[in-house]
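Here is a friendly walk through one protein model. Keep the picture open beside the text and look for each residue as it comes up.

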Amino acid sequence: MTTSEDCIFCKIVRGEIPSAKVFEDDVVMAFMDIYPLNTGHCLLIPKDHYTNMFDVDKDVLAHMARRLADLTRMVNNAFDPDGVLNTIANGSGAGQEVPHLHIHVIPRNRGANFGFRFPDDYREEMANPDELAQIAKKISKAS
Ligand code: AMP
Ligand code: ZN
């Protein structure tokens, strides 16, 4: 088991600090976010310590994806919101504060003051297709 002594989510997995658990299995744990954006906001984490998508084991991630589908459906059925957000922040620039991979599962109703948003004017100028092709090439060549 990969664990990090000082990591707050590893401490939750080890039972050293309390959490409101939704479910767990050998690989993952789901528990309530302590600062919920909305009622039902919970987090899905791997029990092993991975920082984020950059270092997670892909078999662990595949298992997380299956349990994410379960958790998202359960939250939706429990609260019947207009929708459910799944978000992952990878690195501080993306808004990651806790450096242990976690997926937010957040019930969201239309008009809520949080969410993944594009700027109002983002569709004013469509990207140049040649530039997009260059950028796609750059990404496809990166490993
Ligand atoms: P992020 O900004 O994506 O790293 O989100 C970290 C999330 O972890 C925040 O939504 C916090 O409210 C939540 N969080 C931090 N500490 C705890 C804790 N002890 N129990 C439950 N959730 C926590
Ligand atoms: Zn950890």
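## A tour of the chain

Let us begin with Pro129, which you will find in helix 3, residues 129–141. This is a predicted model, so please read what follows with that in mind. Is Pro129 buried or exposed? Its relative accessible area is 62%, over the 50% cut-off, so Pro129 is exposed. Now look for Phe114: 15 residues separate Phe114 and Pro129 along the chain, and their C-alpha atoms are 32 Å apart.

**The whole chain**

Step back for a moment. The chain holds three helices and five strands. Reading from the N terminus, their order is α-β-β-β-α-β-β-α. If you draw a box around the C-alpha atoms along the principal axes, it comes to roughly 55 × 40 × 25 Å. Of the 143 residues in the chain, 32% are buried. The accessible surface is about 9800 Å², and carbon and sulfur atoms account for 52% of that surface. How do contacts relate to sequence? Taking contacts between residues at least 6 apart in sequence, 53% join residues that are at least 24 apart.

**The zinc site**

Which residues hold the donor atoms of the zinc ion (ligand 2)? They are Cys7 and Cys10, each through SG, together with His49 and His100, each through ND1. These donors lie 2.0 to 2.3 Å from the zinc ion. The angles among the four donor atoms run from 104 to 118°, and the site is tetrahedral. Along the chain, the donors are spaced as C-x2-C-x38-H-x50-H.

**Salt bridges**

How many salt bridges does a search of the whole structure find? The search finds seven.

| Salt bridge | N to O distance |
|---|---|
| Lys47 and Glu24 | 2.7 Å |
| Asp25 and Arg67 | 2.9 Å |
| Asp70 and Arg67 | 2.8 Å |

Start with the salt bridge between the side chains of Lys47 and Glu24. Lys47 lies in the loop between strand 3 and helix 2, and Glu24 lies in strand 1 (residues 21–24), so the pair ties together parts that are 23 residues apart in sequence. Lys47 counts as buried, at 14% relative accessibility. Glu24, at 40%, counts as partly exposed.

Next comes the salt bridge between the side chains of Asp25 and Arg67. Asp25 is in the loop between strand 1 and strand 2 (28–32), and Arg67 is in helix 2; the two are 42 residues apart, and the pair links distant parts of the chain. Both Asp25 and Arg67 are buried. For Arg67, the relative accessibility is 18%.

Arg67 also forms a salt bridge with Asp70. Both residues lie in helix 2, where they are three residues apart, or about one turn of the helix. Asp70 is partly exposed, with a relative accessible area of 22%. Salt bridges with shared partners join Asp25, Arg67, Asp70 and Arg73 into one network.

**On the surface**

Can you locate the nonpolar surface patch? Val22, Met32 and Met74 make this patch, which covers about 210 Å². Met74 lies in helix 2 and is partly exposed, with a relative accessible area of 35%.

**A residue with positive phi**

What is the phi of Asp80 near? The value is near 50°, which is positive in a residue other than glycine. Most residues other than glycine have a negative phi. Asp80 is exposed, with a relative accessible area of 65%.

Key
Residues numbered from 1 in each chain as written. Chains lettered and ligands numbered in written order. Predicted model: local features only at pLDDT ≥ 70, side-chain atom pairs only at ≥ 80, totals over all residues. Heavy atoms only, no water. Donors = N, O, S within 2.8 Å, 3.2 Å for Na, K, Ca; no water. Tetrahedral: all angles 85-135°; square planar, octahedral: opposite > 155°, others 65-115°. Helix = DSSP H or I, 4+ residues; strand = E, 2+ residues; numbered from the N terminus. Buried < 20%, exposed > 50% of the residue type's maximum accessible area, 1.4 Å probe, protein only. Salt bridge = Lys/Arg side-chain N within 4 Å of Asp/Glu carboxyl O. Contact = heavy atoms within 4.5 Å. Areas by Shrake-Rupley, 256 points an atom, 1.4 Å probe, with all protein chains shown as cover. Patch = residues over 30% accessible without salt bridge, like charges linked within 9 Å, V, L, I, M, F, W, Y side chains within 5 Å.
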